[in-house]
Amino acid sequence: MNEQQHADDLAAFWEHRYATADQVWSGRVNPVLAEVAADLPAGSALDLGCGEGGDAVWLAQHGWQVTGVDLSSTAVARGDAAARQAGIEDAQLQLIAADLSVWRPAGDQQFDLVTASYLHSWSAQIDRPAILRRAAGMVAPGGHLLITAHAERPPWARQGHDHGGHQPAHVFPTPESDVFDAVGDGQGWRAEIAEKRPRRATGPNGETGELVDSVVLLKRSL
Ligand SMILES: C[S@@+](CC[C@H](N)C(=O)[O-])C[C@H]1O[C@@H](n2cnc3c(N)ncnc32)[C@H](O)[C@@H]1O
């Protein structure tokens, strides 16, 4: 498969995932982002793989000037609708349907906060390391890069239930691998958080279990 076919496949996978459900995610902000952003002065933010806009809308509601990017135009349209419903001005939030492997912000803008919540793809794989490396370049001096990811297969997938197409061979990131992928040896950056965090969650069939997140917060030197 060449690069273009892979990109088409990935976009088709996500578009199908959103188009075949009325709503895929909860619409609520991811708790890690809410906790981290609460300690930062509101500025410009970029949400990578913004999905249906739960994080982007929350950031806009908390004074951030937000850009969100996602492959799926259906997801982006839902994020726009959520923003309208929340009364957010167009000038405060811009959601863009694009592939992060190639997308660049207008004028090569840099952001005070670049955040990626669960930027994964189980079936059609993303070149996540390349996207994280590009993302690090979009962080303004003194700004932050927050990467929250699944560090392990959910227990309901481990027990053999099919959930969202988790592939047996999927390699989950660790805090160390995400730091390395984003900023290499870390020169010019300080890792403020790089750890695994367990959390309770409810699975697709109502079962409860413990998920493990990888949480990385990097601050770029001035
Ligand atoms: C697991 S979802 C997480 C969505 C959202 N961040 C959240 O926490 O609810 C991953 C998202 O990444 C998006 N995505 C995957 N690869 C992408 C790429 N190369 N460029 C842009 N978005 C991508 C998918 O469309 C999907 O919405």
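Colleague: How do the residues of the shell around the ligand divide into nonpolar, polar and charged?

Modeller: The shell holds 12 nonpolar, 5 polar and 2 charged residues. Ala, Val, Leu, Ile, Met, Phe, Trp, Tyr, Cys and Pro count as nonpolar, Asp, Glu, Lys and Arg as charged, and the others, Gly among them, as polar. The model is predicted: local features need pLDDT of at least 70, side-chain atom pairs count only at pLDDT 80 or more, and totals for chains, interfaces and linings use all residues. Residues are numbered from 1 along each chain as its sequence is written, and side-chain values use heavy atoms, with hydrogens and water left out.

Colleague: Which residues around the ligand come nearest?

Modeller: Tyr18, Gly49, Asp70, Leu100 and Ser117 come nearest among the 19 residues around the ligand; a residue is near if one of its heavy atoms lies within 4 Å. Helix 1 (residues 3-19) gives the most to this shell, with 3 residues. A helix is a DSSP run (H or I, at least four residues), and helices are numbered from the N terminus.

Colleague: What makes a pair of N or O atoms a polar contact?

Modeller: The two atoms must lie within 3.5 Å. A polar side-chain atom of Asn30 lies 3.0 Å from a ligand oxygen atom, and a backbone N or O atom of Leu71 lies 3.1 Å from a ligand nitrogen atom. Of the 600 Å² of accessible area that the ligand has on its own (Shrake-Rupley method, 1.4 Å probe), the protein covers 95%.

Colleague: Where does the ligand sit?

Modeller: The ligand sits in the largest pocket, and therefore more than half of its atoms lie within 2 Å of the grid points of that pocket. A pocket is an open set of points, on a 1 Å grid over the protein atoms alone, where a 1.4 Å probe fits, with protein on both sides within 12 Å along at least five of seven lines; lining residues have an atom within 4 Å of a point.

Colleague: What is the volume of the largest pocket?

Modeller: About 1,200 Å³, a volume being the space filled by probe spheres set on the points. Trp25, Asn30, Ser117, Tyr118 and His150 are the closest to its centre among 44 lining residues. Helix 1 supplies the largest share of this lining, 4 residues.

Colleague: Which residues lie nearest the centre of the second largest pocket?

Modeller: Glu3, Ala7, Asp99, Ser101 and Val102, among its 12 lining residues. This pocket holds about 260 Å³ of space, and helix 1 gives the largest share of its lining, 5 residues.

Conventions:
Polar contact = N/O pair within 3.5 Å; in protein donor to acceptor, adjacent residues only side chain to side chain. Helix = DSSP H or I, 4+ residues; strand = E, 2+ residues; numbered from the N terminus.
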